[in-house]
Structure formats: C-alpha cells, structure tokens
Amino acid sequence: MSIDTETAAKVAKLARIKVEDDALPALAEEFNTILGFIEQLNEVDVEGVEPMTSVTPMRLKRREDVVTEGDQQDKILANAPDAREGFFAVPKVVE
Amino acid sequence: MTELNTLTIAEARDALKKGEVTSAALTEACLGAIEGAGALNAFVHKTPEIAMQQAEAADARLKGGEAPALCGIPLGIKDLFCTKGVASQAASNILGGFKPEYESTVTGNLFADGAVMLGKLNMDEFAMGSSNETSAYGNAVNPWRREGDETPLTPGGSSGGSASAVAADLCLGATGTDTGGSIRQPCAFTGTVGIKPTYGRCSRWGIVAFASSLDQAGPMTKTVRDSAIMLQSMCSHDPKDSTSVDFPVPDFEAALTGDIRGKTIGIPREYHMEGIPAEIEQLWTRGKEMLADAGAKVVDISLPHTKYALPAYYVIAPAEASSNLARYDGVRYGHRATLAAGDGITEMYEKTRAEGFGSEVQRRIMVGTYVLSAGFYDAYYNRARKVRALIKRDFDEVFASGVDAILTPATPSAAFGLGEMKSADPVQMYLNDVFTVTVNLAGLPGVSVPAGVDKQGLPLGLQLIGRPWEEGDLLNTAYALEQAAGFVSKPAKWW
C-alpha cells in the first residue's frame, strides 16, 4: 500500500487541515513510513477474535434522561473566539 | 534544616499533622524554587495567588484536625487537566487563551482533599510525544545531565514538565497522564516514581482527550509511598465518565508492607529486544535478583503478541485522536485563524487547524483519519482492535497462571539529548514506548521505579505491571523494589 500526493491531499481535506501543495510529497512520505510500520499487523491471525471493548466486561451505566447542568449560556460562550447575541458566530454557511 | 520543597509528600504530611510546618511555608518554598528554575521550563502557567489561598485554607483545616493526607501539599498539574479559571492549553496553540469554566474530576478530588496547586506543567502537545519537544511552550528540560556534559536532555514525554518539576523539587508531586507511557517513561528519565492505574480508576472527565480508550491519569512523585497517597485521592467513581468504574478504592498506602515473600514475578521473554543497550538488560537482571532476594519467585513467561503492540497502538491512538480533536474547529474555544475575504466555514476550519496544531498532532490526526476512512476501517482499525484483544489475552493467561506482577525495563534507553531525535523518522521516536504501550492496550496498572544509573550518571527505571484493579499489591511490589534498589541520587543543581 503506497500513498501518493493525491491521497495525502484527500486525507488532509477529510481532516480539515490546510496543507500547501508543496508540502504534500513529504506528508505522503511520512504516511508511508507509518503505514509501513502498521502493516505488520497483517501477520497476526485474528480469525474469530472479537475486538476488545473494555478491561473488565461491564455494562455501561445508565442515567436518568434529565437536564443536569443546563442554563449556562454565558459560561458556554465565554471562551468562543466570536460570540454574538448569545450565539457562536461563524462565516456565512449558506449563500 | 532541609529545604521544605525537597520533602516527600509523606514527610510533609507528617510534619503538617504535627504542626512542625505550615502549608504556607511549604508552598512558599516551592514557589521560590519554581522562580529559580526558569531554565527547566517545567511550569508554564504559574498560579501563586491560588496556591497561597489554598495553602492558608489548608492550614486552617489542619488546625481543625481530621484533615486528609494531601491537605496542604503543594502539587503541579499537567496542562492537560482543565482547571477552572486557569489556562489549560494541552500545550497547544489551538487552545491559546482557553480558561475552562469547570474543574476536571481528578484535580477537583485533589483540591477537595486540600492539595495546593502551584501551576500548570509543560507537556507534549495534546500528550502526543515522548520527549516534550512538541510543546507549544517549547521544550521542558531534564534537571539531570550526563556527567561532565552540559547537553540539555529531554525529561521524556508526554508528562515531561511534571517529571522535571518533581525531580528538581519544584513541587512535592505532580499529576500526569499516560496513553502509551507518558507517566512511566518520563519518570524513568528523571529518577522519579509514577503509576498509571487500571483503566477506569481515575475519571477522564475534564482531562483534554487524546485517545479515550487508553488515557489514564496518575501521580508522579519522589517515592512509591507518595504515589500511593496521591493516587488514593485521584481515584473515584464519576458518573460524568461512563468508563469510570464503580469499585471501592482500597487504602493503597496501607498495602505498603514491603513483604513480597511468596509473590510470583513474571519476566516476559519477548521484552528482550534487539538493539536494547546492555545497561538496560543488566538493570533488568539486577531487578530480578532484588525481587528474588526479597522472597519473590521469579519465573519466565511469554507474552507472544508483544511485537504487535506498537503498530496496534499507532492505529488505535491516532484513530481516536482524529475523532477527539475534531472539536477544535475555531468556533467554541481557543484559536481561530484570520480569514481572507471570501473565506467560508471550510476555509475557517482548515486554516484554524493548520495554524493551531503542531506538526506531530497534524500527522496523527491525518493518520487517524486515513485508518478510519471508507475502505480501510476493517483493514486497519478493526484489525488493530482485534490484535489489542490478543495482547490483553496474553496478559490474562499469564495472570491466570499465578503471576502477580511482571517486571520489565521502563524504557529502551536513558534520557536522550533534546534535538537528538530530530532527524529520526516518527516511527523511531515511537519506539520509546515499546515497553509501556502494551499496558495501556490491555488497560492494566503499571508503575515505573528508579532502579539505578547508567555509566553517564543518568537514572534508569524498571517497570512493574500488575493485575487489573490490584494497584495496592502492585505498589507494594514497587515499594519492595524501591527499598532494594536504594535509589537516592538527585540531579546536581545547575539551573
């Protein structure tokens, strides 16, 4: 499996990270190094093995479906780079 | 009179209880040591006002009697923990300016017990690194140096600032987190003790997430006893973390009898790896002898899937990171890129993330994105999760055969020079975690204990791996090893 610059560009796009065109070959090269390392996993016989989900098998706890810590609009917006009139503000999404 | 900042937690606790010292005096001593240790770049956000307020409150509580063990003890907090009203950046520019409106459960537990926060500690960005060189704050520096050599060394990572601060006596103990070895490796590099408890012991709530199925908080301290005391306070069941367990937390310090007669210690043959320095092998052999002399039975064991732990980790951890770090989008907190005319929301995301994340974090997010993408999910991600199940099964079988703890080296080398790994490819850096990462994959408790120095005078650590939920027994074995090794060296002060 070898990653070319086109795949690297696609992955960067999926990850929503801007990568300049001239940086793509080096990025593809790094991916190939890491994926080459990961390829070793193909040597392992995993037939019939269930993926691990927890250290000690246990049911996830359930809780009442109720508001626990609501009504904190100011606190939630306190760290926003751009908050206006009680909302998070972002560039125009819909034309 | 001993400098107060050089006390252990246990010594300080006893002195506080007897009224021989005040928390205010302990805290002032630590704040002074921190002021003089700028060269280590361990503390990146100092909180002296909070510290003195907490110290005074602790002194009042101590006067009233019945104070918890940690009451009045000055600690450093890794920058990965959200601390209310105090910068919590995970050493990343993308969280520049972020001041949480809430407290992480672990720091909340520590403060409820009266612990004092001196400030926030340096680390690798988002805990992704083994040398503290990916931090937005710059490198943390190891207080240890090679004999007759002034080359600045790494304190390890990701909890590098925590390790440096504890080793240099800037605080009595520190919090760390460990996803692949981030408590144990820096402890080994700095001659300190650190335990990663069983997954689920400490709540992850309010700790900036890296890889949620692997992340665990733990203490980093000067002694095994101090780790037991601090871990006790950090553990709790927390309804806010669905993976936090509702098991009673035993008295870890009470387990420290030093008696390990009749215990069975396993030595995994797969941990004899090619290219590991002879000094590490010799230390490991000495560790075996010390435990045997203390009355333990030492047996050879096999953990056949060890070799596949690192590759499995480098699928699972980036996959979880790519999904956890999707939240940094320039909308709710932290950095947002300056946009050009006509830029829309996608450009905002892409520019913000390119500016805010460092190169190692970007690399891991993208690797994770790739292994989770359509067509590769089964081939990479599900396969890695199955290999993880096999790694856990290896441990289960060994413990079922009567082994109480497993002894291994903590790291494949002593601390290396800052910048020395610069030309290495990412995979070479990942090999730092070769002995520690299996423990995270299997969710087990693991402790690093300083056990000697190399020929350049640098500390080396041994790791003990325990049965799930049996941290008390594990810490007792670590305590026996600590006593036998008698490691008392301290770095000579140059900073």
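Helix α5 of chain B, spanning residues 160–167, is mostly covered in this predicted model, with 8 of its 8 residues buried. The buried positions are B:Gly160, B:Gly161, B:Ser162, B:Ala163, B:Ser164, B:Ala165, B:Val166 and B:Ala167. Both strands and a helix of chain B contribute to the cover over these residues. Among the strands are β1 (43–46), β2 (74–78), β3 (116–121), β4 (173–178) and β6 (216–221), while the helix is α6 (184–190). Just beyond α5(B), the backbone at B:Asp169 adopts a positive phi of about 60°.

Helix α6 of chain B, which takes part in covering α5(B), also contains B:Arg184. This arginine has 34 other C-beta atoms within 10 Å, and B:Arg184 is therefore classed as buried, the cut-off being 20 or more such atoms. When neighbours within four places in sequence are left aside, the contacts of B:Arg184 comprise B:Asp178, B:Gly194, B:Lys196, B:Ala410, B:Thr436, B:Gly446, B:Ser448 and B:Gln463. By comparison, B:Glu103 lies 81 residues from B:Arg184 along the chain, and the two C-alpha atoms are separated by 25 Å.

At the level of the whole chain, chain B contains 15 helices and 11 strands. Of its 495 residues, 63% count as buried. A compact globule with 495 residues would have a radius of gyration near 23 Å, and the value of 21 Å for chain B agrees with this expectation. The C-alpha trace of chain B spans about 70 × 55 × 50 Å along its principal axes. Among contacts in chain B between residues at least 6 apart in sequence, 77% join residues at least 24 apart.

Within α1(A), the buried residues are A:Ala8, A:Val11 and A:Ala12. They lie on the same side of α1(A), because the arc they cover around the axis is only 100°. Packing against the buried residues of α1(A) involves α2 of chain A together with α11 (359–372) of chain B. Helix α1(A) is followed by A:Arg16, which has a positive phi near 55°.

With regard to the confidence of the prediction, the average pLDDT of chain B is 96, and 100% of the residues score at least 70. The model as a whole scores ipTM 0.95 and pTM 0.97.

Terms used
Residues numbered from 1 in each chain as written. Chains lettered and ligands numbered in written order. Predicted model: local features only at pLDDT ≥ 70, side-chain atom pairs only at ≥ 80, totals over all residues. Buried ≥ 20, exposed ≤ 12 C-beta atoms within 10 Å, placed from the backbone. Helix = DSSP H or I, 4+ residues; strand = E, 2+ residues; numbered from the N terminus. Contact = placed C-beta atoms within 7 Å. pLDDT = per-residue confidence, 0-100. Rg over C-alpha atoms; globule rule 2.2 N^0.38 Å. Arc of directions from axis to C-beta.
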